[in-house]
Amino acid sequence: MTDTQQTTTKVTRKRAEDLKAGGFIPQRQSGKITVRCKAPGGRVTAERLEKIAEVARKYGQGIVHLSVRMSPEILYVDLENLDAVVAELAEAGQEIASCGKRFRVTTACGGCEYNPNGLTDTQRLAEEATRQFFGQDTPHKFKTCFSGCPIDCMRAREMDLGFQGMVEPMLVEENCTFCGLCVKACQDDALHMEEGELPVRDLDRCIGCGDCIKACAFDSMVQKRVGHAVYVGGKHGKHPHVAYPVAALVPDEKVFDVIQVTIAWHREHGVKGERIGSTIDRVGIDSYRRALQEVVGDCLLTQEDLQKPRWRHVFYDGLADTFPAYAKV
Amino acid sequence: MEQKPDAATDVTPDLKIDLRGTPCPMNWVEAKLQLEKMEPGQLLEMILDDGDPIRNVPRTIKADGHKVVRAKSLEDGFVLVVERGPNRPPRR
């Protein structure tokens, strides 16, 4: 915890770094601090939300800003009140988030818990990722997210490490009534059906969204397995960097190993102030892919995969051509 | 009034509604209201638009405890014949 006894209203650069490590952001108003509250996946209990409101009224100006990464931020807190703010938030179990060069609170959509499109349990995964990795030092900020399906509302392709839910469908032939609704449901031209014949899936086009499964009223098109597409090296900001797609259908139980190995690789190869996307550009994507393969095995994407419409189409037109060729690892 | 088996689905529905032009989720709300007036086991034929309803309606029918007994794609939209499920205790 940072030293909050200091009552001076002048916030030095060093002091500002210390504060940011603890999730306290100096405002342009001298001596005023924004307190960033931890809310993995943007999930907050009503009790914590009430406590945040109470603290915002008592120590701030009754204003809370929801950060772009889903953290409720209490504005206009006096520097000398930080200890009291932290203690009072803790009464409701509300912890403080973080800024600076470290693993940030993981963001997530609603996921399969309550969102009809959700394929993966993004909320639980975001909470667990935050529990395991939050605050770990990295060469630069390290942002992660869980999107529950290929719609990718959380923008996995703009994260240092993004996970996006996907499903592998399977046809139970004896249940098929040849109604063709799965073919109509597919928006990626990945299912075809000749008159009176079973639907056939085009593996080069299927993005794993599960629309065909939702359309099937007869439990014929069903879920074979669910997992995560993994994107690494993305960021937004002044100089955006699109992420590299590196793995597909990675199961839940491998997710935390993927995070572990990615952080470790970034620490080993990254220089201070360098996001992992830049490290990959400098060191080479295959170095990272070799490290990742130790964890994901056959889920690792190959150069052949990247040539398929299925992977080319998840980026802006033409962008896939700019990726360096993936070597055999 | 006696109805004839539908040429497209070869079953005789007790009631038909054409929900083309009614967007999600109002199409399902209307279908649900109809199903609630019917007896368990009766058949409701509904015609729906292509697009979102394909991804939403079959899934919701199953989740609400009814059963799709026929599905047929049309030139413009699609048909579902739904068997009204058993009465379920009201949700808390």
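Two strands pair if DSSP finds at least two bridges between them. Helices (H or I, at least four residues) and strands (E, at least two) are DSSP runs, numbered from the N terminus. On those terms, strand 10 of chain A and strand 11 (residues 244–250) of chain A run antiparallel and are joined by 4 bridges.

This is a predicted model, in which local features need pLDDT of at least 70, side-chain atom pairs count only at pLDDT 80 or more, and totals for chains, interfaces and linings use all residues. Residues are numbered from 1 along each chain as its sequence is written, while chains are lettered from A and ligands numbered from 1 in the order in which they are written.

**Confidence**

- The predictor assigns the complex a pTM of 0.91 and an ipTM of 0.86.
- pLDDT is the predictor's confidence in each residue, from 0 to 100. Chain B averages 87, and 86% of its residues score at least 70.
- Where pLDDT is low, the predicted coordinates should not be read in detail.

- Strand 7 (residues 161–171) of chain A pairs with strand 10 (residues 221–232) of chain A in the antiparallel sense, over 11 bridges.
- Val230(A) in strand 10 is the bridge partner of Phe163(A).
- Val230(A) also has a bridge partner in strand 11 of chain A, namely Ala247(A).

**The four-stranded sheet of chain A**

- An open sheet of 4 strands in chain A has the order 1-2-4-3, with antiparallel pairing.
- Strand 1 (24–26) and strand 3 (64–66) of chain A stand at the edges; each has a single partner strand, so one side of each lacks a neighbour in the sheet.
- Neighbouring strands of this sheet are turned by 30° against each other on average, direction ignored.
- Strand 3 of chain A runs antiparallel to strand 4 (residues 72–78) of chain A, and 3 bridges join them.
- Leu66(A) has Pro72(A) of strand 4 as its bridge partner.
- Helix 2 (residues 46–59) of chain A lies across strand 3 and strand 4 of chain A, at about 20° to strand 4. Axes are lines fitted to C-alpha atoms, for helices over the stretch in contact, and angles run from 0 to 180 degrees between N-to-C directions.

**Helix packing in chain A**

- Helix 4 (residues 122–133) and helix 7 (residues 252–269) of chain A pack at about 40°, with their axes 11 Å apart.
- Helix 4 brings Leu125(A), Ala129(A), Gln132(A) and Phe133(A) to the contact, and helix 7 brings Asp252(A), Val255(A), Phe256(A), Ile259(A) and Ile263(A). Two residues are in contact if their C-beta atoms, placed from the backbone, lie within 7 Å.
- By class, this contact has 7 nonpolar, 1 polar and 1 charged residues. Ala, Val, Leu, Ile, Met, Phe, Trp, Tyr, Cys and Pro count as nonpolar, Asp, Glu, Lys and Arg as charged, and the others, Gly among them, as polar.

**Chain B**

- Chain B has 2 helices and 4 strands, in the pattern β-α-β-α-β-β along the sequence.
- Of its 92 residues, 33% are buried (20 or more other C-beta atoms within 10 Å of the residue's own, with C-beta atoms placed from the backbone).
- Among contacts in chain B with a separation of 6 or more, 60% join residues 24 or more positions apart.

**Contact between the chains**

- Chain A gives 12 residues to the contact and chain B gives 13.
- On chain B, helix 2 (52–63), strand 3 (67–73) and strand 4 (78–83) each supply at least two residues of the side that touches chain A.
- Helix 2 of chain B makes the largest share of that side, 6 residues.
- The side of chain B that touches chain A divides into 7 nonpolar, 1 polar and 5 charged residues.

Key:
A residue is buried if 20 or more other C-beta atoms lie within 10 Å of its own, exposed if 12 or fewer, and partly exposed in between; C-beta atoms are placed from the backbone.
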